[in-house]
Each structure stands twice: as C-alpha cells, then as structure tokens.
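In these entries I record what I looked up in the structure shown below. I began with a pair of strands and then turned to a helix.

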Amino acid sequence: MSFQSRSLSLYALTVASVLLAFVRGGHSFYLPGVAPQDFEKGVELLVKVNKLTSTKTQLPYSYYSLPYCRPKRIIDSAENLGEVLRGDRIENSPYVFKMREPQMCKIGCRITLDAKNTKEFKEKIDDEYRVNMILDNLPLVVPIKRSDQESPVYQLGFYLGLKGQYSGSKVDRYFINNHLAFTVKYHKDLQTDSARIVGFEVKSFSVKHEYEGNWNDDKTRLTTCDPHAKHMVVNSNSPQEVEEKMEIIFTYDVEFVPSDVKWASRWDAYLLMNDDQIHWFSIVNSLMIVLFLSGMVAMIMLRTLYRDISKYNELETQEEAQEETGWKLVHGDVFRPPTRSDLLCVYVGTGVQFFGMLLVTMMFALLGFLSPSNRGGLMTAMLLLWAFMGIFAGYASTRLYKMFKGTEWKRIAFRTAIMFPGIVSAIFFVLNALIWGEKSSGAVPFGTMFALVFLWFGISVPLVFVGSYIGFRKAAIEDPVKTNKIPRQIPEQAWYMNPAFSILIGGILPFGAVFIELFFILTSIWLNQFYYIFGFLFLVFIILLVTCAEITIVLCYFQLCSEDYLWWWRSYLTSGSSALYLFLYATFYFFTKLEITKFVSGVLYFGYMLIASYAFFVLTGSIGFYACFWFTRLIYSSVKID
C-alpha cells in the first residue's frame with residue numbers, strides 16, 4: 001500500500017470516528033421542535049446546579065465550593081469538551097419539584113457558618129457572584145421588567161447575596177439570598193394530561209428565618225415562612241446576615257404557571273434581541289465600506305486591463321502611459337520569492353485552516369445545531385473542525401511552498417501543524433496555571449488536556465501531513481511571467497507608501513466592518529449573555545472577507561504602480577493588521593465596560609484576547625494574501641509583456 005493510500009485510509013477512519021461520535025451524541029444537539037420531554041402531573045423534576053459566575057472576576061467556581069445544601073450523593077452530569085473548557089460543572093441538587101404541584105416554604109437545610117465559610121461567602125458576595133441552575137435543559141433566569149420594553153429582560157442566575165447597611169448605620173454588612181421563589185412555566189397538551197416545561201425563573205430573598213423550640217429536621221415549623229399559616233416570603237425586610245457562628249436556613253417555594261409558549265419556541269424569550277436596529281446599522285455601515293472599495297477595485301481593473309489589452313493606443317497622454325508603465329516595469333521581479341517564504345507558507349496554510357473551521361461552524365450554527373441549549377457545543381465543534389481542517393492547511397502551505405521552488409515539504413508540514421497551536425498552547429498553559437492557582441472550576445483538568453493533545457497530535461498533525469503530501473504531488477503553480485535573475489532596484493517611495501504606514505492604514509477598514517458586531521460578541525463572552533444572532537454574524541463575516549480582499553488589492557495596485565514589487569508579505573500584513581485594532585478595541589472595552597479589578601482576571605482577559613487577535617490576524621492576513629495573489633496573476637497574465 002502506498003503512502004498516499006495509507007494517508008487517505010487514515011483520513012477516512014478519523015472522519016468515520018467523528019461521525020460516529022456525532023451520531024452517538026446526537027441527542028445533545030438542540031434543533032427547535034425536536035425531542036421534547038413530557039411530564040405527567042406529580043412526576044419528579046430534578047433541578048441541576050451549575051457553576052457560580054461573576055463578570056467581575058471571570059473565574060467560575062463549582063456550586064458546592066460553598067456550603068450550600070447538598071444531596072445525599074453528588075453526581076456529576078456528563079460534560080462535553082466545550083463545557084469543561086467553559087468551566088461548567090453540572091451536578092445534581094437537593095431541590096426536587098413535583099410537576100404542577102406547588103410547594104411553599106420547603107426547608108432545604110440548616111447550616112452554621114465557621115470562619116472559613118464566612119470568609120468565602122463574603123468574598124463571593126463582594127465579587128457579585130451569581131448562582132446558576134438548570135431544569136429540563138433550561139437555565140435559571142431572573143426576569144427584570146423595564147418600562148421601555150414590553151417583554152422582561154432575562155439575567156442568567158441569581159445573585160448569591162448583597163452588601164448593604166442597616167438604617168442609621170454606616171457599617172457594611174453582608175447578606176445571603178437564602179430563600180428562592182421558583183416559577184416553572186409549562187405548556188399543557190390539550191389532548192393528554194402531560195405538560196412540557198417552557199420557562200424556569202426565580203426571585204431571591206434574604207430572610208432571617210425564625211422557629212420555636214429546638215431544631216428538628218422533620219418537624220420544625222418556621223414562623224417567618226409557614227405554609228400552614230399561608231405566610232409567604234415577599235420581601236427581605238429582615239435579611240439574613242453572613243457572620244461567623246450564625247445559623248442560616250435555606251428555603252424555597254415552587255409555583256407552576258401555565259404558558260401559551262410552545263416547547264419549540266421556549267428559547268425565544270432567552271434569545272430575545274431588542275437591539276436588532278443596531279445590527280442592521282452595522283450591516284449597512286459595512287456595506288457602504290464594501291461598495292466604496294468595490295468601486296475602486298472596479299475602476300482599477302477597468303483602467304488597467306482595458307488599457308493594457310489595447311496596448312496603449314495613441315489617444316493616451318504621455319502622463320497616463322507613464323503611470324501605467326509603473327506596475328508593468330516590475331514584471332520581472334513581481335513573482336520573485338519573498339524573504340522568509342517558508343514562514344509565509346506556514347501562515348497562509350494556518351489561515352486556510354481557520355477559514356474552513358469558521359465557515360463550517362457558521363453553517364452548523366445557522367442550522368440550529370449550535371444553539372445555547374447545547375452548552376459547550378460551539379466550542380466543541382470549533383475544536384473538532386480545527387483538527388479536521390488540518391488537511392486543507394497542509395495542502396495550501398505546501399502548494400505555495402512548491403511554487404517558491406521548495407523541496408522539503410515535510411518540514412513545512414511540520415511547522416504548519418505545530419507553530420500556531422504551539423504558540424496558543426503556551427499562552428493557554430500559563431493562563432490555566434493562573435486559574436488553577438485560584439482553585440477555579442475554569443481550570444482545565446488533566447483528562448481534558450489529554451483530549452486536546454490527542455486532537456492536535458492524533459488528528460490535526462497527521463491530516464496536515466496528508467494534505468501536504470497531496471499538495472506537493474501536484475504540479476507547481478507556474479508564474480504568468482518570467483522572473484529576472486538580478487533583482488530590480490526599488491525607487492525611493494513617497495511617505496504614504498511607507499510599508500508600516502500602508503499596512504496600518506489597510507487594517508482600518510476590515511476592522512471598521514466588524515467592530516459593531518464585535519461589541520456584542522465581547523458582551524456575550526465577558527458579561528455572561530447569550531449570543532445567537534448567527535445570521536447577522538454570517539453577513540458580517542462575508543463582508544469582512546470582501547473588505548479584506550478589496551483593500552489589499554487596492555493598496556497592492558498602488559504599491560506596484562510605484563515600482564515596489566515586494567508585495568507578498570505586505571499583502572498578508574495589510575489586512576492582517578486589523579487584528580491590532582481588534583486588540584486595541586478589546587483594551588478599550590476592558591476599561592470602559594468591564595469592572596475587573598483582580599490582577600489574575602485582568603491577565604486572563606488580555607491573554608484570551610491576545611489569542612483571539614492572533615487568530616484574527618492569521619485569518620484576515622490569509623484572505624488578503626490570496627486576493628492579492630489572484631489580482632497580480634490576473635493583471636500580469638492578461639497583457640503581453642514585450
């Protein structure tokens with residue numbers, strides 16, 4: 001069996017393995033209207049608890065890292081790769097509801113705080129941590145009504161507690177939300193007695209519970225919350241303070257409310273988008289940029305190709321002929337291999353890998369496979385697709401490498417497979433060590449680390465080599481014109497054609513096409529909100545591709561007209577420089593929108609945004625490079641060089 005046959009067999013085997021994994025885990029995908037669960041009256045509903053989250057620290061913690069009420073046995077729910085990387089820790093809870101059977105003042109447990117627990121509660125309250133729960137795959141939300149909107153705005157999870165002062169006192173006190181009033185919304189089947197859960201809401205209260213006599217877990221009746229006397233908790237006028245040796249009693253109510261919302265539409269309220277006008281403004285703004293650039297590209301192409309094909313007819317002025325001769329003079333040097341051509345090949349291949357990953361991910365997202373109901377699905381899909389797109393990375397880098405007369409394709413394949421993931425892994429390892437030091441559930445465990453390493457070296461690296469082998473066996477791409485043996489001297493350039501200035505100018509428009517949508521993406525990531533407007537995102541992605549391509553073509557044309565033929569790296573860096581503006585915007589967002597004060601949290605933010613900016617650089621740079629590559633081959637092959 002030849003190497004190529006073995007390589008293709010390996011690729012087929014890995015594809016089959018992942019397809020099998022998707023089939024086996026298909027139930028975890030959320031498609032609207034698929035696989036609802038019906039509950040008869042009186043059936044037990046199991047509430048699950050998830051991580052504690054804070055937008056001030058960005059460090060998630062396990063629910064049971066605090067001394068909350070515990071079930072007899074804590075059972076972890078199976079989590080996918082994306083959930084683990086996000087810090088989700090889904091476990092069972094002592095909260096047990098019975099379908100359509102209201103409960104009032106149910107006692108969860110009673111605890112007495114020690115010094116350690118008191119300190120932990122106070123620290124978490126200071127950092128504004130929220131408690132997250134799940135019922136029938138719906139996250140627990142707090143509805144907040146606003147006067148300017150008909151529908152309430154949902155916030156994920158409820159605050160662990162609050163910090164305040166007693167009337168007439170200036171001393172800050174800490175209070176815990178120990179009473180939860182749950183509301184379960186259901187949609188009843190008209191033909192049967194079963195119902196489906198379509199909403200899971202909560203109101204939290206801080207109540208210093210009182211009781212008569214000695215405590216008895218089974219028989220104690222509270223005087224502050226008594227179902228027999230119909231005495232419900234409706235406010236926090238007598239809050240439960242958090243202090244050492246204090247007794248805290250956790251209680252909850254459950255109310256079931258019928259709803260007209262059907263199961264297939266139950267996520268609509270969670271994903272309600274009240275700012276669609278801003279997104280449309282973003283699209284229109286970006287389209288204006290694209291139209292402007294398209295006009296310039298069209299003018300350049302018409303002027304260049306038309307005049308060259310007509311071979312400089314006599315009606316042209318001497319000035320026009322001289323202008324057009326500028327780019328034509330460098331035909332013998334324009335396809336000369338650049339310095340560090342190996343590195344350029346590696347970066348172009350990595351950019352192709354990113355492009356393929358994002359394109360397929362958005363297709364899945366548009367079909368509904370990667371909705372927020374499938375926690376971690378988006379990240380899992382991106383990691384798997386990144387590994388499988390390695391075959392295209394190897395092919396693209398080696399094809400370009402062979403065009404540069406390279407012969408050591410295995411070295412290029414190895415660098416393509418290792419370089420970008422290696423740099424990202426090094427940053428990620430440092431960040432993970434910091435998270436581990438904070439004892440956060442966001443720290444990636446050893447088993448997940450092994451899975452990531454397997455994806456990299458077990459799937460991605462072999463596929464990069466398969467793609468490289470296929471690409472290197474193909475005939476080399478031929479240049480449309482011959483390259484001179486002696487390089488032509490580049491004349492002195494005007495200040496505005498300086499490489500650094502030109503590159504920085506080139507990145508402004510691609511960033512301008514996406515920066516409004518970028519605000520919503522950053523908000524969903526760092527402020528713990530849902531992002532599900534993949535239709536808008538796909539349009540912005542297409543506009544980004546067109547903008548990167550057109551701005552690179554325009555600036556490349558000006559560069560060649562000034563007889564500067566060193567376009568290879570500059571075409572990559574021109575659109576790739578938009579990543580610099582992305583990182584600068586992320587810095588601006590950090591200081592204006594976030595309230596992060598901890599050093600570790602700040603390092604995490606900038607570390608992850610550095611990774612995101614680096615990935616954006618690789619993607620946009622490759623788009624600009626291929627656009628310029630196509631443009632130069634087109635204009636030099638469409639005219640006859642004397």
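I looked up how strand β11 (residues 179–188) pairs with β12, and found the antiparallel sense over ten bridges. Strands are DSSP runs of E of at least two residues and helices runs of H or I of at least four, numbered from the N terminus; two strands pair if DSSP finds at least two bridges between them. The model is predicted, with local features needing pLDDT of at least 70 and side-chain atom pairs counting only at pLDDT 80 or more, while totals for chains, interfaces and linings use all residues. Residues are numbered from 1 along each chain as its sequence is written, and side-chain values use heavy atoms, leaving out hydrogens and water.

I noted that a hairpin of six residues joins β11 to β12. Leu 180 has Ser 204 in β12 as its bridge partner. Is β12 (residues 195–205) mostly covered or uncovered? I found it mostly covered, with eight of its eleven residues buried (buried: under 20% relative accessible area; exposed: over 50%; partly exposed: in between; 1.4 Å probe, protein chains only).

Next I examined helix α3. Its buried residues are Asn 117, Thr 118, Phe 121, Lys 124 and Ile 125. Seen down the axis of α3, they fall within an arc of 135°, so they line one face of the helix (the arc is that of the directions from the helix axis to the C-beta atoms). The face turned away from this buried side carries the exposed Lys 116 and Lys 119.
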